[in-house]
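Reader: I have the coordinates open and a few points to settle. Please keep the answers brisk.

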Amino acid sequence: MKLRGTLGGLNLLIEPGDTGSSVQDALSVRTELLASAVTLELQGDADPEAVEAALHAIRAAGGTPGRVRAPRVNVPTPAPADSAPRPAPLPARTEILTHTLRAGYHREFPGSVIVLGDVNPGAEILAGGDVIVVGALRGVAHAGLGGQADAIVWARPIASTQIRIGDAVARAPEGSSLSNMRHREDQPLAEIARLQDGVIHIDVQK
């Protein structure tokens with residue numbers, strides 16, 4: 001992780017080796033620097049928990065996450081089948097989508113996915129790992145596809161009629177943030193959904 005000042009504010013670079021805990025520890029002693037506009041840059045295969053920790057630290061310090069810049073990350077194409085012994089498969093990489101997902105979008109990802117925008121109503125995103133939405137999640141999200149119970153859904157806010165984690169489903173009860181489509185334009189609230197004892201719990205990130 002690298003933090004550097006610019007004329008427009010700060011640039012925070014999340015590198016492939018960064019984790020949620022390492023980012024949290026590094027930024028906890030620099031809170032006074034984060035109280036400004038911060039541009040978040042993702043380098044290579046960024047850890048979703050590191051992105052989450054950075055966003056949380058910026059907001060907690062009174063700063064404002066500005067632009068998010070990241071390269072497109074693709075899953076490598078498998079080599080053609082042959083008679084040679086095959087190495088053990090590598091963990092699925094995180095894919096980063098640099099645009100808002102519109103109604104009618106439907107795609108499945110083998111690993112985690114980060115959406116640098118909103119997921120609009122009518123869009124559906126499925127991931128074998130975590131689903132991280134930098135904007136509002138109003139479409140359907142399924143994290144932990146295939147039974148990964150420790151996957152998470154994170155968005156600003158979670159305003160979907162349905163989310164799934166592993167084999168569990170959460171549908172919006174009347175009056176909840178999921179059903180009333182809560183989205184404060186001035187400072188959207190970040191929420192995280194986790195699976196605990198077979199039930200999906202959604203908590204506000206403060």
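Reader: Where is the place of Arg30?

Author: This is a predicted model, where local features need pLDDT of at least 70, side-chain atom pairs count only at pLDDT 80 or more, and totals for chains, interfaces and linings use all residues. Residues are numbered from 1 along each chain as its sequence is written, and side-chain values use heavy atoms, with hydrogens and water left out. Helices (H or I, at least four residues) and strands (E, at least two) are DSSP runs, numbered from the N terminus. Arg30 sits in the loop between H1 and helix H2 (31-34).

Reader: Is Arg30 buried, exposed or partly exposed?

Author: Buried means under 20% relative accessible area, exposed over 50%, and partly exposed in between (1.4 Å probe, protein chains only). Arg30 has a relative accessible area of 32%, so Arg30 is partly exposed.

Reader: What separates the C-alpha atoms of Arg30 and Leu3?

Author: Along the chain, Arg30 and Leu3 are 27 residues apart.

Reader: Which element gives the most to the lining of the second largest pocket?

Author: A pocket, on a 1 Å grid over the protein atoms alone, is an open set of points where a 1.4 Å probe fits, with protein on both sides within 12 Å along at least five of seven lines; lining residues have an atom within 4 Å of a point. This one is lined by 15 residues, and Gly20, Gln24, Ala53, His56 and Ala57 lie nearest its centre. H1 and H3 each supply at least two lining residues. The most, six residues, come from H3.

Reader: Which backbone oxygen does the side chain of Ser160 reach?

Author: Ser160 is in the loop between strand S11 (153-155) and strand S12 (162-165). Its relative accessible area is 0%, so Ser160 is buried. At 2.4 Å, the side chain of Ser160 reaches the backbone oxygen of Gly139.

Methods:
A polar contact is a pair of N or O atoms within 3.5 Å; within protein, one must be able to donate a hydrogen and the other to accept it, and residues adjacent in sequence count only if both atoms are side-chain atoms.
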